[in-house]
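Please prepare a briefing on the structure shown below.

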Amino acid sequence: MNRIFTMLFAMAFCIFALAGGVATAYLVGGLVEEHLFTGASRLTNILFLMLTFVMIIATLLTLAERKWSAFMQDRVGPNRARLAIPGLGNRSLGGIPHIITDVLKMLTKEDFVPGTANKFLFNLGPVLAFAPVFALFAVVPAGPSVTVFGKTVDMVVATPDFGMLYVLAIASLAVYGTSLAGWSSNNKFALLGGVRASAQMISYEVALGLALVGLFLAFSSVQMPALVGDVGNALVAGTGQARYLWRSDGAFDLGLPAWGIFIQPLGFIAFFVASFAETKRAPFDAPEGESEIIGYFVEYSGMKFGMFMISEFMEVVVLAGVTTALFFGGHHLPFGGEWLAAQPLMQEHGWLYGTILGTVFWIKVVLLIWVQLVIRWTFPRFRYDQIQNLGWKILLPAGLANVFVSGALVLWDPSLRMLGIVGLLEIGFVVALTMTKGAKAAGAHDTAHGHGHDAHGHDAAPGLPAHADPHSHSPAGAH
């Protein structure tokens, strides 16, 4: 029971911390807009969204991954590092001191550079691996555009016309980081890891782009705010994912929203799998598989190694943020969003409305991060040929088929309702297929262990026939 209360307290603390950060971002943005110049809030968003939210969450993930893996593997997690501070009672503090020890170790460890390495490219590798990932979140809307102190505050760093094309272009630059890291080290193992990583990332970028085309066709835009449905200074009904496919009549809006997950479930699966493969995390961690080869950054130490490591966790956060914006309605509520926006309190205090929806966005991001951690510690590593087959023989044809079907349905019904019907059928098919496979696997497991029932309908002992008496050393019926 104490553990349950601890988890509930931790969840409530995280939600309040997220809400406090979002509220501060809106209020500070309103102040700088009022006293400096129009658009100054975009600069403060760099501080809050990219340097605070993304970096802090990525840093905490270094601990969360170890804690969650320990939970799934039924073992003790990180708890050895302690702070000898009076009043703390030499407690583990949930493993938080391990973050401090990791930072100190990376900052103070010897910065080793191989004597035969290309020093310029060797030092450039970690930068090219870290910088593109850091820049990706600049176009992700983390909250609605609201009025604070009479000024419009946007919770996004940049809104270029090419939107998602920026994401795809910048994401592709990370390939150079892995390639240079493996090649410039002048180490055959690192080179092999760099080649594997580059081939894997390039192959999945094709499926990644195709998975989004259906979404672009549905909403006729590649801009992130237009895809989310936040235009101008208020929530505009009927735009992007703020619209409903079907809704009830009345003041309180209730219905099926036009989220990407409902109108493009196949695109979501392809995008999420391809993006997960881009992060090079298990089960797609063949470039770093110690059982097969040594990773492309094997020669790196100190803070250079730390940049590779933190960029991996930043990719987890950015993937969750982009997926939330594209397929889970961004900062929108599944229902009641129009009713909430129409409330006098929300119209009078725009920062409060922005805080609520901004917190909703980050809660969705955290949930998707949790899904990635579950996948990371559930599936074993794929073989390299399996990774390539999945990308070229499954995701690529599925992406092409999704583009043609989505285009035809959008031309047939621009209201997107037919696209929603087909999407719901696809979701139902996947759920039914999963349940069927799960039932068959459970039946095979019971059969393999010899589970049966005796004459009275009770479970027989494993490995014994259903009519045998588990307490007897003689055959059944030989009494």
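**Structural briefing**

Just after α7, Ser220 takes a positive phi of about 55°. Helices (H or I, at least four residues) and strands (E, at least two) are DSSP runs numbered from the N terminus. This is a predicted model, in which local features need pLDDT of at least 70, side-chain atom pairs count only at pLDDT 80 or more, and totals for chains, interfaces and linings use all residues. Residues are numbered from 1 along each chain as its sequence is written, and side-chain values use heavy atoms, with hydrogens and water left out.

**Overall make-up**

- The chain contains 16 helices and 6 strands.
- Of the 479 residues in the chain, 46% are buried; buried means under 20% relative accessible area, exposed over 50%, and partly exposed in between (1.4 Å probe, protein chains only).
- Among contacts in the chain with a separation of 6 or more, 74% come from residues 24 or more positions apart; a contact means heavy atoms within 4.5 Å.

**Helix α7**

- Helix α7 spans residues 188-219, and its 32 residues reach 47 Å from first C-alpha to last, close to the 46 Å expected at 1.5 Å a residue. The expected span is 1.5 Å times one less than the number of residues.
- At the start of α7, a side-chain oxygen of Asn187 comes to within 2.8 Å of the backbone nitrogen of Phe189.
- Leu210 and Ala398 are 188 residues apart along the chain, and their C-alpha atoms are separated by 9.0 Å. Ala398 is located in helix α15 (residues 384-412) and counts as partly exposed because its relative accessibility is 23%.

**Salt bridges**

- The structure holds 8 salt bridges, each defined as a side-chain nitrogen of Lys or Arg within 4 Å of a carboxyl oxygen of Asp or Glu.
- Lys304 and Asp111 form one of them, with the closest N and O atoms 2.6 Å apart. Lys304 lies in helix α11 and Asp111 in the loop between α3 (96-108) and α4 (119-136), so the pair ties together parts that are 193 residues apart in sequence. Lys304 counts as buried at 14% relative accessibility, whereas Asp111 is partly exposed with a relative accessible area of 44%.
- Glu338 forms a salt bridge with Arg247, the closest N and O atoms being 2.8 Å apart. This pair links distant parts of the chain, 91 residues apart: Glu338 is in helix α12 (residues 337-341) and Arg247 in strand β5. Glu338 is partly exposed at 24% relative accessibility, and Arg247 is partly exposed at 36%.
- Asp285 and Arg381 meet through their side chains in a salt bridge of 3.0 Å, N to O. Asp285 lies in the loop between α10 and α11 and Arg381 in the loop between α14 (350-376) and α15, so the pair ties together parts that are 96 residues apart in sequence. Asp285 counts as buried at 10% relative accessibility, while Arg381 counts as partly exposed at 28%.
- Glu65, Arg281 and Glu312 are linked in a network of salt bridges.

**Aromatic pairs**

- A search of the whole structure finds 23 aromatic pairs. Rings of Phe, Tyr and Trp (its six-membered ring) pair if their centres lie within 6.5 Å; planes under 30 degrees apart count as stacked, over 60 as edge-to-face and the rest as tilted.
- Tyr204 and Phe284 form an edge-to-face pair, 5.9 Å centre to centre with 75° between the planes. The two residues are 80 positions apart, with Tyr204 in helix α7 and Phe284 in the loop between α10 and α11. Both Tyr204 and Phe284 are buried.
- Ring pairs join Tyr204 and Phe284 into a cluster whose members also include Phe268, Phe271, Phe272, Phe276, Phe327, Phe328 and Phe382.

**Selected loop residues**

- Glu288 is found in the loop between α10 (265-278) and α11 (302-327). Glu288 is buried yet has no salt bridge, and the nearest side chain of opposite charge, Lys280, is 5.5 Å away. For charge, Lys and Arg count as positive and Asp and Glu as negative; His and the chain ends are not counted. Leaving aside neighbours within four places in sequence, Glu288 is in contact with Lys280, Gly295, Tyr296, Phe297 and Glu312.
- Asp154 is located in the loop between β2 (151-153) and α5 (163-172) and counts as buried at 17% relative accessibility. The Asp154 side chain makes a polar contact with the side chain of Ser145 at 2.6 Å. A polar contact is a pair of N or O atoms within 3.5 Å; within protein, one must be able to donate a hydrogen and the other to accept it, and residues adjacent in sequence count only if both atoms are side-chain atoms.
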